[in-house]
Amino acid sequence: MDFLLQTYAGKILMTFFLSMVPVMELRGALPIGVANGLNIWVAIFVTVIGNLVPVPFIIIFIRKIFAWLRTKSNVLNRLVTKLEQKAAKNSALVSKYEMLGLCLLVAIPLPGTGAWTGALVAAMLDMRLKKAFPTITLGVIIAAVIVAFITYGAGALFSAFM
C-alpha cells in the first residue's frame, strides 16, 4: 500500500478518495494532495471530481437510507434526526435564495458547508437532481478556487500558467 502512495497515480487516487469523505471533502483533500506532490491544478481537478461523486447518490437515495436507518436502532434514529436538523438549519439560506443559496452553501469553505451538506439540503427540499447537481458543481468549483487561493495564494495559482 505504501508503494502505491509513492506513485503519482497513487497520490491522485488518495486525493480523489479523500475528497469524497464527509467533513473533509475538498477543503482537506486539496491541501493534502498538493502537500503530497500533486500539481495544484491536478489537485483541484481531482478534488472537484471526487467531491462530486457522492452528490447524485445523496440527492437520490438519502431519504430512503434515512428511513431504513430509523428502523434499525434508537442510536441511528437519533443520528438521522441530528443530520436532518442540520440540513433544516442550512436550508433557510437555500429556501430564501434558491439556487444561489445552494451554490453559496456549498462554495463557502466553512465547517458544516460543502457538497455533502448541499446535497443533503437539496434532498430534504425535494430538489430535482438535474437542477441541484449543476448548482452544487458550481459551488464545489468556487470552493476549490477559494481553498487553493487561501492555502497557496495567488502566486501559486498563477505560476502554473507561466
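Predicted model: local features only at pLDDT ≥ 70, side-chain atom pairs only at ≥ 80, totals over all residues.
Q: What describes the packing of two helices?
A: The angle between the axes and the distance between them. Here helix 5 (residues 54-70) and helix 6 have axes that come within 8 Å and cross at roughly 145°. The axes are lines fitted to C-alpha atoms, for helices over the stretch in contact, with angles from 0 to 180 degrees between N-to-C directions.

Q: Which residues make the contact of helix 5 and helix 6?
A: Helix 5 gives Phe66, Leu69 and Arg70. Helix 6 gives Leu76, Asn77, Val80, Thr81, Leu83 and Glu84. Contact means heavy atoms within 4.5 Å. These residues divide into five nonpolar, two polar and two charged. Nonpolar covers Ala, Val, Leu, Ile, Met, Phe, Trp, Tyr, Cys and Pro; charged covers Asp, Glu, Lys and Arg; the others, Gly among them, are polar.

Q: What makes a stretch of chain a helix?
A: A DSSP run of H or I with at least four residues; a strand is a run of E with at least two, and numbering starts from the N terminus. Helix 6 spans residues 74-107.

Q: Why does Ala87 count as buried?
A: Buried means under 20% relative accessible area, exposed means over 50%, and partly exposed lies in between (1.4 Å probe, protein chains only). Ala87 has 1%, so this residue is buried. Ala87 lies in helix 6. Beyond four places in sequence, Ala87 touches Leu120, Val121 and Met124.

Q: Is Glu98 buried or exposed, and how do you know?
A: Glu98 has a relative accessible area of 52%, so it is exposed. Glu98 belongs to helix 6. Its phi is positive, about 55°, although Glu98 is not a glycine.

Q: Why is Ser91 called buried?
A: Ser91 has 11% relative accessibility, so it counts as buried. Ser91 is also in helix 6. With neighbours within four places left aside, Ser91 is in contact with Val121 and Leu125.

Q: What makes helix 3 mostly covered?
A: Eight of its 11 residues are buried. Among them are Leu26, Ala29 and Val34. Glu25 belongs to helix 3 too. At 3% relative accessibility, Glu25 counts as buried. Glu25 has a positive phi of about 45°, though not a glycine. After helix 3 comes Gly37, with a positive phi near 105°.

Q: What joins the side chains of Asn51 and Glu25?
A: A polar contact of 3.0 Å. Such a contact is a pair of N or O atoms within 3.5 Å; within protein, one must be able to donate a hydrogen and the other to accept it, and residues adjacent in sequence count only if both atoms are side-chain atoms. Asn51 sits in helix 4 (residues 40-52). Asn51 is buried at 1%.

Q: How do you know that Ser19 is buried?
A: Its relative accessible area is 0%, so Ser19 is buried. Ser19 is in the loop between helix 2 (8-18) and helix 3. Its contacts beyond four places in sequence include Glu25, Val46 and Asn51.

Q: Why does Gly114 count as buried?
A: Gly114 has 0% relative accessibility, so it counts as buried. Gly114 lies in the loop between helix 6 and helix 7 (115-124). Leaving aside neighbours within four places, Gly114 is in contact with Glu25, Arg27, Leu105 and Val106.

Q: How many aromatic pairs are there, and why is the pair of Phe16 and Phe17 given its name?
A: The structure holds one. Rings of Phe, Tyr and Trp (its six-membered ring) pair if their centres lie within 6.5 Å; planes under 30 degrees apart are stacked, over 60 edge-to-face, the rest tilted. The rings of Phe16 and Phe17 have centres 5.4 Å apart and planes at 70°, so the pair is edge-to-face. Phe17 is partly exposed, at 47% relative accessibility.

Technical notes: Residues numbered from 1 in each chain as written. Heavy atoms only, no water.
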